[in-house]
Amino acid sequence: MLPEREAAALELTDAIVGVPKPLDAALRDRLRAHFSDAGIVELALGVGLFLGMSKVLINLGLEPESMPVTVLPTPGS
């Protein structure tokens, strides 16, 4: 089982990678229990930048040849 701080960070990651919508109050509260507002922004931007860059690299065919890939349907499609 992960420490609560790490679990909250992963929940934020899931929220960013999943269906875009505002964070619910419970997740915001869990994040604020472990991170400052600046820390939450830093986590969110880090995840967002990594996600965006990974998509660009894949579109340009620049991902490593040995990179395992799992294709999942977009929710709601």
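Begin by selecting Glu11, which is partly exposed, with a relative accessible area of 29%. The model on display is a predicted one. Glu11 and Arg30 form a salt bridge in which the closest N and O atoms are 2.5 Å apart. Glu11 belongs to helix α1, whereas Arg30 belongs to helix α2 (residues 25-32), so this pair ties together parts that are 19 residues apart in sequence. Arg30 also counts as partly exposed, at 34% relative accessibility.

How many salt bridges does the structure hold? It holds two. To see the other pair, select Arg32 and Asp37. These residues form a salt bridge whose closest N and O atoms are 3.3 Å apart. Asp37 is exposed, its relative accessible area being 51%. In general terms, side chains of opposite charge can pair when their charged atoms come close.

Now select Phe35, in the loop between α2 and α3. Is Phe35 buried or exposed? Phe35 is buried, because its relative accessible area of 13% falls under the 20% limit for that class. Phe35 and Arg5 are 30 residues apart along the chain, and their C-alpha atoms are separated by 8.1 Å.

The next stop is the largest pocket, which has a volume of about 760 Å³. Two elements each give two or more residues to the lining, namely α1 (4-17) and α3 (37-59). Colour these helices separately to follow their contributions. The largest share of the lining, seven residues, comes from α3. By residue class, the lining divides into 14 nonpolar, six polar and one charged. As a general point, rolling a probe the size of a water molecule over the atoms shows where empty space is left.

Turn next to the surface and select Met53, Val56, Leu57, Leu60 and Leu62. Together these residues make a nonpolar surface patch of about 470 Å². Within this selection, centre the view on Val56, which is placed in helix α3. Val56 is partly exposed, with a relative accessible area of 42%.

Continue to the segment after α3, where Pro64 is located. Pro64 is exposed, since its relative accessible area of 51% is over the 50% limit for that class.

Met67 counts as partly exposed, at 32% relative accessibility. What separation is found between the C-alpha atoms of Met67 and Phe50? The C-alpha atoms of these residues, which are 17 residues apart along the chain, are separated by 16 Å.

Technical notes:
Residues are numbered from 1 along each chain as its sequence is written. This is a predicted model: local features need pLDDT of at least 70, side-chain atom pairs count only at pLDDT 80 or more; totals for chains, interfaces and linings use all residues. Side-chain values use heavy atoms; hydrogens and water are left out. On a 1 Å grid over the protein atoms alone, a cavity is a set of points where a 1.4 Å probe fits but cannot get out, and a pocket is an open set with protein on both sides within 12 Å along at least five of seven lines; lining residues have an atom within 4 Å of a point. Grid points are joined across faces, edges and corners, and a volume is the space filled by probe spheres set on the points. Helices (H or I, at least four residues) and strands (E, at least two) are DSSP runs, numbered from the N terminus. Ala, Val, Leu, Ile, Met, Phe, Trp, Tyr, Cys and Pro count as nonpolar, Asp, Glu, Lys and Arg as charged, and the others, Gly among them, as polar. A salt bridge is a side-chain nitrogen of Lys or Arg within 4 Å of a carboxyl oxygen of Asp or Glu. Buried means under 20% relative accessible area, exposed over 50%, partly exposed in between (1.4 Å probe, protein chains only). Patches are made of residues with over 30% relative accessible area and no salt bridge: like charges are joined within 9 Å, nonpolar side chains (Val, Leu, Ile, Met, Phe, Trp, Tyr) within 5 Å. Accessible areas come from the Shrake-Rupley method with a 1.4 Å probe; for residues, only the protein chains shown count as cover.
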